[in-house]
Amino acid sequence: MDKKHALIRRPSPRLADGLVTHIERSPVDVELAKRQWEDYVAALHDAGWQTHEVAPADDCPDAVFVEDTMVVYGDTAVIARPGADERKPETPAAEAAVRELGYRIARIEAPGTLDGGDVLKFGGTVWVGRGGRTNDEGIAQLAAHLEPLGARVVTVPLTKVLHLKSAVTALPDGTVVGYEPLVDDPGVWENFLAVPEESGAHVVLLDGETILMAADAPRTAELYRERGYRVIEVDISEYEKLEGCVTCLSVRLRGMPD
Ligand SMILES: NC(=O)NCCC[C@H](N)C(=O)O
């Protein structure tokens, strides 16, 4: 496989009705959000990624946050069972898209719930946030699907933000970055690095040297540049109003099944 692949899903016209849990609701400019989504997708393309669009779900305001619909590990896509009932209709089309690409499908089943945004993978370890959207049964099912593939699944407490990846993500060298006031237990990671801005904690790894992150964390961007990374910044202000971040707007498929 010569290209990096990612799933994306275009924003619904009802985006402004998306769920808000931990922050105050503020008005979303849907036209601006559409432009920001195009820029996000363009940034993936510029970095050599090929994107695959999941069929739009115009009735689902949060469908653009496609990361939450699945967890991809090796040749397996575990289809999530979203913790919010409003988001449960998002998964069938996401499953169809990833099946079409050749993935083996597994599913989180009731009474389990799990959102893809609660799952951070790095180097064979899979940390899963147990919080508002993901429950113990969902984590146990994910472990049953992934441990036979060699993954080590670790449950992480999560009370302060929506998803685990709203709190922490990992740099290409495995350093786990987080905005400490929003991380329940930084001690989970021996290589934890505190960053000075909330959205600075959200990175998408475009390649071994390149990071995609939100444009509203300039001090953190500088810190990453000082560590030798090339940093691409995108303005995702309208998605942040709905507790979205750069990770949740795509599902990165590293190594598509042949
Ligand atoms: N992975 C993510 O961070 N997803 C963001 C989802 C935001 C959406 N408004 C929600 O509450 O489900």
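Visitor: Which strands do the buried residues of H3 pack against?
Guide: This is a predicted model, in which local features need pLDDT of at least 70, side-chain atom pairs count only at pLDDT 80 or more, and totals for chains, interfaces and linings use all residues. Residues are numbered from 1 along each chain as its sequence is written. The buried residues of H3 pack against strand S3 (70-73), strand S4 (76-79), strand S7 (125-130) and strand S8 (152-157). Contact here puts the C-beta atoms, placed from the backbone, within 7 Å. Helices (H or I, at least four residues) and strands (E, at least two) are DSSP runs, numbered from the N terminus.

Visitor: And which residues in H3 are buried?
Guide: In H3 (residues 136-146), they are Gly138, Ile139, Gln141, Leu142 and Leu146. They are on the same side of H3, because they cover an arc of only 160° around the axis. The arc is taken from the directions from the helix axis to the C-beta atoms. Buried means that 20 or more other C-beta atoms lie within 10 Å of the residue's own; 12 or fewer is exposed, and in between is partly exposed, with C-beta atoms placed from the backbone.

Visitor: How do S3 and S4 run, parallel or antiparallel?
Guide: S3 and S4 run antiparallel, joined by four bridges. Strands pair if DSSP finds at least two bridges between them. Met70 stands opposite Ile79 in S4. The two strands form a hairpin with two residues between them, and Gly74 in the turn has a positive phi of about 60°.

Visitor: What about S4 and S5, parallel or antiparallel?
Guide: Parallel, with four bridges between S4 and S5. Val78 has Ala106 in S5 as its bridge partner.

Visitor: New topic. Where is the cis peptide bond?
Guide: Between Ala110 and Pro111, with omega about 10°. Pro111 sits in the loop between strand S5 (104-107) and strand S6 (119-122).

Visitor: Which residue has a positive phi although it is not a glycine?
Guide: Glu243, at about 65°. Its loop runs between helix H6 (237-240) and strand S15 (251-253). Glu243 counts as buried because it has 20 C-beta neighbours inside 10 Å.

Visitor: What surrounds the ligand?
Guide: 20 residues do, and the closest are Leu19, Phe65, Gly117, Leu242 and Cys248. The shell has seven nonpolar, seven polar and six charged residues.

Visitor: What ipTM does the predictor give the complex?
Guide: An ipTM of 0.98, with a pTM of 0.97.

Definitions and conventions: Near = placed C-beta within 6 Å. Nonpolar A, V, L, I, M, F, W, Y, C, P; charged D, E, K, R; others polar. Contact = placed C-beta atoms within 7 Å.
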